[in-house]
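Trainee: I would like to go through this model with you. Can we take it from the overall layout down to single residues?

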Amino acid sequence: MTKINIDELFRKRPLIIAGPCSAETEEQVLGTAKLLAESKKVDMFRAGIWKPRTRPGSFEGIGIEGLPWLQKVREQTGLPFCVEVATTKQAELALAFSPDMLWIGARTTASPVTVQEIADALKGTDTYVLIKNPINPELELWTGALERMLRSGIKNVGLIHRGFSVYGNMEYRYAPMWHLAIEMRRRNPDVLMICDPTHISGKRDLIQSVSQHAIDLDFDGLMIESHIDPDCALTDKNQQITPGRLNEILNSLIWRKEKSTEPQQNLALQQLRSQIDQIDDELLQLLGRRMSVADKIGLFKKENNITILQPERWNEILEKEIDKGAKLGLSPEFIKSYLEAVHGESINRQNSVIYEGKTGNK
Ligand code: PEP
Ligand code: MN
């Protein structure tokens with residue numbers, strides 16, 4: 001069996017990590033890993049042995065007993081393995097079994113104290129670490145966890161986008177909030193970022209479309225939960241898929257490249273982009289003009305003692321614009337968030353005019 005070059009693997013695109021949510025038995029772990037390895041599409045095996053569950057009373061992981069099973073996966077299939085650690089103790093125990101990579105789970109990323117303790121425990125090692133986004137939509141916590149690892153001298157750190165917990169979200173188990181992952185990527189362009197479509201989806205039939213969406217957004221890879229017998233899984237059973245189904249999904253995905261190598265195609269794209277740039281310039285000019293009018297309205301309201309917001313007028317604008325937008329092929333959701341941003345800024349400007357006597361005019 002060829003020796004695993006983890007450094008090369010960390011830089012491989014796409015990087016595909018798969019394996020069960022939890023290690024349950026040696027047979028389940030090895031049986032799943034063998035099928036995943038046979039597919040030749042999976043680069044790394046994952047399994048949780050300590051499971052941070054939101055509520056008590058369900059399977060919380062097999063514990064240290066599972067670590068030798070993961071070593072057997074590596075010996076018998078050649079797949080390197082990664083495992084989640086949520087405390088210093090777990091990190092120390094895991095390191096004794098030479099994992100190829102560790103990951104920090106969403107509930108742990110939300111706790112800077114714990115992240116710091118784990119970062120301290122990893123200091124001086126050359127461990128590879130992936131950090132899941134925190135369970136709540138808070139980029140600073142995610143960024144903080146990344147910084148804590150980097151400051152501890154851990155050079156090989158990557159990120160996993162697994163969606164965010166929001167109250168009342170129905171379609172997904174965890175709302176993808178793609179814009180947050182995109183922003184994290186913009187801030188850290190050189191850091192590996194993979195997507196975990198499994199936890200975003202929460203159910204099997206969404207995994208393929210969420211994976212394709214991640215690829216279309218140029219993620220560096222995927223982490224997908226796969227179990228030899230998902231219906232009998234002790235954790236996350238609704239979202240785990242068999243290695244066979246995983247293979248089908250991976251075969252069906254269209255991997256796009258960031259840039260074309262064809263000069264003709266690049267030129268065509270460049271022309272379209274310059275149209276977009278031109279339109280963006282025009283939109284900005286118009287927005288600037290709109291805000292100057294808002295300042296004048298602010299002044300008028302101040303002089304005549306009129307409230308800044310009139311809910312009736314705001315409803316009227318919303319309805320009218322949503323209607324017009326629909327005729328132009330623009331979705332009501334887009335029109336609503338666009339108007340909320342513009343209208344919110346308009347209110348801020350009027351506030352400044354009324355209370356600080358300022359206008360944005362230069
Ligand atoms: C997991 O990967 O099984 C897991 C517990 O994930 P998360 O931390 O994203 O909930
Ligand atoms: Mn899971």
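**Layout and selected residues**

Mentor: The chain is divided into domain 1 (6-252) and domain 2 (263-356), with bounds from an automatic or database domain assignment. This is a predicted model, where local features need pLDDT of at least 70, side-chain atom pairs count only at pLDDT 80 or more, and totals for chains, interfaces and linings use all residues. Residues are numbered from 1 along each chain as its sequence is written, chains are lettered from A and ligands numbered from 1 in the order written, and side-chain values use heavy atoms, without hydrogens and water.

Trainee: What distance separates the centres of domain 1 and domain 2?

Mentor: The C-alpha atoms of the chain fill a box of roughly 80 × 50 × 40 Å along the principal axes. The domain centres are also taken over C-alpha atoms. Their separation is 40 Å.

Trainee: Is S226 buried or exposed?

Mentor: S226 sits in the loop between β8 (221-225) and α11 (243-252); helices (H or I, at least four residues) and strands (E, at least two) are DSSP runs, numbered from the N terminus. Its contacts (heavy atoms within 4.5 Å), leaving aside neighbours within four places in sequence, include G19, P20, T32 and L36. The classes are buried under 20% relative accessible area, exposed over 50%, and partly exposed in between (1.4 Å probe, protein chains only). At a relative accessible area of 0%, S226 is buried.

Trainee: Which residue has its backbone oxygen 2.9 Å from a polar atom of the S226 side chain?

Mentor: Look at the contacts of S226 beyond four places in sequence. Among them are Q240, I241 and T242. The backbone oxygen at 2.9 Å belongs to I241.

Trainee: Which side chain makes a polar contact of 3.0 Å with that of D220?

Mentor: D220 lies in the loop between α10 (207-216) and β8. At 11% relative accessibility, D220 counts as buried. A polar contact is a pair of N or O atoms within 3.5 Å; within protein, one must be able to donate a hydrogen and the other to accept it, and residues adjacent in sequence count only if both atoms are side-chain atoms. The partner of D220 is R185.

Trainee: How far apart in space are D220 and H199?

Mentor: In sequence, D220 and H199 are 21 residues apart. The spatial value runs C-alpha to C-alpha. It is 17 Å.

Trainee: What is the relative accessible area of Y338?

Mentor: Y338 lies in helix α14 (residues 332-356). Y338 is partly exposed. Its relative accessible area is 37%.
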